[in-house]
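Reader: I would like to learn how to read the features of a model like this one. Please take them one at a time.

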Amino acid sequence: MPEETPPPPKPPAVPPREPDGVVVAERKAAKTKPPALYQVVMLNDDYTPMEFVVMVLQRYFHRDIDAATHIMLLIHHEGRGVCGVYPKDVAATKVELVLTAARREGHPLQCIMEAA
Ligand code: TYC
């Protein structure tokens, strides 16, 4: 019975070479996508002081006093408002920071993130 011949070895994965020895680098299309964005939304309640919400918007969302007051009043009247839009991990960190600060002061402020 004839012996089976093993399959030929695979060629090594090296970049293609021109006859003159020049290595040809192929440009691949970038596989990275822009990060998914999330909006951080603050909800109204009847107990958290307006001044605290304005402070949160200034400290964690880098709003000046006028913008922070505007957003706070919008939340107060509409029930919710967008504080900012960020990549997922940044949005999650901001929610955590806001909730930690609110609980530390004994406020029931609610802050969530939603796909933008
Ligand atoms: N409604 C609150 C009050 O009258 C103020 C407030 C604004 C609370 C925005 C939460 O996300 C909020 N003291």
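Author: This is a predicted model.

Reader: Which residues come nearest to the ligand?

Author: Met42, Thr48, Val53, Ile75 and His76 come nearest, out of the 13 residues around the ligand.

Reader: Which helices and strands each supply at least two residues of that shell?

Author: They are strand S1 (37–43), helix H1 (50–61) and helix H2 (65–78). The largest share comes from H2, with three residues.

Reader: Next, the sheet. In what order do the strands lie?

Author: The order is S2-S1-S3, in an open sheet of three strands with antiparallel pairing. Strand S2 (80–87) and strand S3 (110–115) each have a single partner strand, so they stand at the edges and one side of each has no neighbour in the sheet. Direction ignored, neighbouring strands are turned by 25 degrees against each other on average.

Reader: How many bridges join S1 to S2, and how many join S1 to S3?

Author: Seven bridges join S1 to S2, and six join S1 to S3. Individual residues can be followed across the sheet as well. Tyrosine 38 has alanine 115 of S3 as its bridge partner, and valine 40 has methionine 113, also in S3. On the S2 side, valine 41 stands opposite valine 82.

Reader: Which strands does H2 lie across?

Author: H2 lies across S1 and S2, and runs at about 125 degrees to S2.

Reader: Now a single residue, phenylalanine 61. Why does it count as partly exposed?

Author: A residue is buried at 20 or more other C-beta atoms within 10 Å and exposed at 12 or fewer. Phenylalanine 61 has 18, so it is partly exposed.

Reader: Where does phenylalanine 61 lie, and what does it touch?

Author: Phenylalanine 61 lies in helix H1. Leaving out residues up to four places away in sequence, it touches Cys83 and Gly84. Phenylalanine 61 and valine 85 are 24 residues apart in sequence, with a C-alpha to C-alpha distance of 9.7 Å.

Methods:
Residues numbered from 1 in each chain as written. Predicted model: local features only at pLDDT ≥ 70, side-chain atom pairs only at ≥ 80, totals over all residues. Near = placed C-beta within 6 Å. Helix = DSSP H or I, 4+ residues; strand = E, 2+ residues; numbered from the N terminus. Pairing = 2+ DSSP bridges. Axes fitted to C-alpha atoms, helices over the stretch in contact; angles between N-to-C directions. Contact = placed C-beta atoms within 7 Å.
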